[in-house]
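Work through the exercises below with the sequence and the 3D structure at hand. Each task is followed by a solution in steps.

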Amino acid sequence: MSSEHEIENLSHESRSFAPSAEFSKSAIAQPNIYQDSKANRLEFWADRARELDWSKPFTQTLDWSNAPFAKWFADGELNVSYNCLDRHVEAGFGKRVALFFEGEPGDTKVYTYLDLLIEVKKAANVLLKLGVTAGDRVAIYMPMIPEAIIAMQAVVRIGAVHSVVFGGFSADSLASRIQDAEAKVVITADGGFRKGKASALKPAVDEAIADGKCPSVTNVLVVKRTGQDVAWNSSLDLWWDEEMHVVENEHVAQGFNAEHPLFILYTSGTTGKPKGILHTTGGYLTQAAFTHKNVFDLHAAQDIYWCTADVGWITGHSYVAYGPLANGATQVIYEGTPDSPDWGRWWDIVQKYHVSILYTAPTAIRSFMKIGSSVTKHYDLSSIRVLGSVGESINPEAWMWYREVIGSSKAPIVDTWWQTETGAIMVSPLPGITHTKPGSAQVAIPGIEISVVNDEGQEIQAGHGGYLTITEPWPSMLRGIWGDPERFKETYWSRFEGKYFAGDGAKLDEDGDLWLLGRVDDVMNVSGHRLSTTEIESALVSHPFVAEAAVVGAKDETTGQAVVAFVILRRSQLDHIGSEADTSKILREHVAKEIGAIAKPRTIFVVAELPKTRSGKIMRRLLRDVAEDRPIGDVTTLADTSVMDTITGRLNDGASD
Ligand code: WT7
């Protein structure tokens, strides 16, 4: 969590940027939207839902009688894929480009709405042929290629439920997600291109399901992307292309109940086990589409939209696979990393496709800022008219750089706060209306009610800090944790009665604008991705060298936070353990194997003791002081107050080596 002091200074930033009259005039969201949504919140959402195509119209908007389990538009029926594809083609937009795909090696592919619809229909038929039916789960473990979106759309088209697992997660992480959701089919690729190389994916699937570890899996569909060699299990594996070739082009989408499960997406919590966040059909699509259109000011016929998120994260679900398609947008998707072949790649893409709306994360912006405008100045970025940020608070310096260098000092920036659990944007400026302040996510979007509260759950005064809560149910809210309704209530609804607690600290400034302060629980945010301290600690102690481990998120200039681990080694193993550098390397690799490369600690400190309270709880606050190289804070609650001297003394010794 960022220090209170720093935010104190930030919120006294006096800068604010008014929208230009020209932008406001033609903006999608007009100022009356706030009053309209306040006047009748439920009717406001019902009207937004009616902008979708319902095969059976709903008559009730919200059923909150079994709180916190919400039902939105409960008696209505719709098909998400029909709303994202068929209806645009039927409306005469079949020739509009849906996807401009840019592969990392420079290969490209263009899909119109009609092309995409045909591919999705075929993929739906492939899944049906494999025996997938409504309600079944399908795991998707793919690079950022069009087939990932086609697979997602095809799964939901037949009422099945996808669980997309980010391609950076390890075989073990994939296995536990497949097992938890009991996925019937896994859709993957031989590999994808990253940093100029083919990076394999299929071996992780093979390893995940080997030795009968995932008995639910009856088939693995493999997209050929890189052409690299793959091991083949002829009783399970099928080439995507071959299957797509032999099925019918036609598939008529059927409506599903608004509360029919749509997808599960796993995210880290405060315990060792990731939670399967469950989203359902009608409410999710309603809010994803509404926010995509209004927050990014999407003019579908003119804009070229590019969200840089991978489909493995919620941003890639709501603002790549669903929101933009529901709105008939033309979007760019890019397979690779920003530095491949060099740091000009993103800006080359912006110039080439005339990207007008760009949505990315502060960590990327800070990386580009470090490289400097010597790179960006070679590209024409004048097409950009709206800029979005997501994943963590954007520091005012990065915000200003984003505005001036990428947005030519004119594009409004929308800093969007939301979570895997909220399904869609909850707090954000609206371009054309809001006077934006660098570093603030500002206000709840129309139709959303939030409150910043103190420890007792009372609303705090302007100028103070507290906990961010959501006080009224919203359409795209999670409907639960897969297979664990009790954990859902306990995690989100027990801290403050009747309110959803987001896990974030926040401060309201004198104007009522919101400044996010970071997580207040044991969840870290590394490059806008959520990692659990407990999960990484469990991974570390599962290695025979490690007796005890404590993990903290330490401030990092580029990634926001970085994983820093403190480990106590097992005495019995000391004979096998090499130098500290070797140990650190072995343990970092071990975490990569257990969870994925994103979870690798940046730094591992080998220590003799860990600071604990008398009740045995690790005092991470003190370790964070060490990791961030600050004077150690209050140690009076430590069971043994000399521990911190030992740790810092030890580290200083290490530093002088
Ligand atoms: C956590 C949710 C929402 C998609 C990406 C992350 C942090 C997210 C912001 C923002 C400050 C932010 C919060 C939140 N966060 N956006 N604009 N300003 N913090 O999704 O993995 O579910 O993580 O990301 O801490 O709780 P996620």
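**Exercise 1. State which residues line the largest cavity, and sort the lining by class.**

Step 1. The lining of the largest cavity consists of Leu78, Asn79, Val80, Val156, Gly159, Ala160, Phe256, His260, Pro261, Leu262 and Thr281. A cavity is a set of points, on a 1 Å grid over the protein atoms alone, where a 1.4 Å probe fits but cannot get out, and lining residues have an atom within 4 Å of a point.

Step 2. Sorted by class, the lining has 7 nonpolar, 4 polar and no charged residues. Here Ala, Val, Leu, Ile, Met, Phe, Trp, Tyr, Cys and Pro count as nonpolar, Asp, Glu, Lys and Arg as charged, and the others, Gly among them, as polar.

Step 3. The largest cavity holds about 40 Å³ of space, and the structure has 1 cavity of 30 Å³ or more. Volume means the space filled by probe spheres set on the points, with grid points joined across faces, edges and corners.

Two notes on the basis of these values. The model is predicted, so local features need pLDDT of at least 70 and side-chain atom pairs count only at pLDDT 80 or more, while totals for chains, interfaces and linings use all residues. Residues are numbered from 1 along each chain as its sequence is written, and side-chain values use heavy atoms, leaving out hydrogens and water.

**Exercise 2. Find which parts of the chain are tied together by the salt bridge of arginine 479 and glutamate 259, and decide whether each residue is buried or exposed.**

Step 1. The two side chains meet at 2.9 Å, N to O. A salt bridge needs a side-chain nitrogen of Lys or Arg within 4 Å of a carboxyl oxygen of Asp or Glu.

Step 2. Arginine 479 is in the loop between strand S22 (465-470) and strand S23 (480-481), and glutamate 259 is in the loop between strand S13 (256-257) and strand S14 (261-267), so the pair ties together parts 220 residues apart in sequence. Helices (H or I, at least four residues) and strands (E, at least two) are DSSP runs, numbered from the N terminus.

Step 3. Arginine 479 is buried at 8% relative accessibility, and glutamate 259 is buried at 16%. Buried means under 20% relative accessible area, exposed over 50%, and partly exposed in between (1.4 Å probe, protein chains only).

**Exercise 3. Describe the surroundings of arginine 495.**

Step 1. Arginine 495 forms a salt bridge with aspartate 455 (3.0 Å, N to O). Arginine 495 is in the loop between helix H17 (485-493) and strand S24 (500-508), and aspartate 455 is in the loop between S21 and S22, 40 residues apart.

Step 2. Arginine 495 is partly exposed at 38%, and aspartate 455 is partly exposed at 45%.

Step 3. Arginine 495 also lies over the face of tyrosine 467, 5.2 Å from the ring centre. For this, NZ of Lys or CZ of Arg must be within 6 Å of the ring centre and within 35 degrees of the ring normal.

**Exercise 4. Count the aromatic pairs and classify the pair of tryptophan 232 and tryptophan 239.**

Step 1. The whole structure has 38 aromatic pairs. Rings of Phe, Tyr and Trp (its six-membered ring) pair if their centres lie within 6.5 Å; planes under 30 degrees apart are stacked, over 60 edge-to-face, and the rest tilted.

Step 2. Tryptophan 232 and tryptophan 239 are stacked, at 4.6 Å centre to centre with 15 degrees between the planes.

Step 3. Tryptophan 232 is partly exposed at 36%, whereas tryptophan 239 is buried at 17%.

Notes
On a 1 Å grid over the protein atoms alone, a cavity is a set of points where a 1.4 Å probe fits but cannot get out, and a pocket is an open set with protein on both sides within 12 Å along at least five of seven lines; lining residues have an atom within 4 Å of a point.
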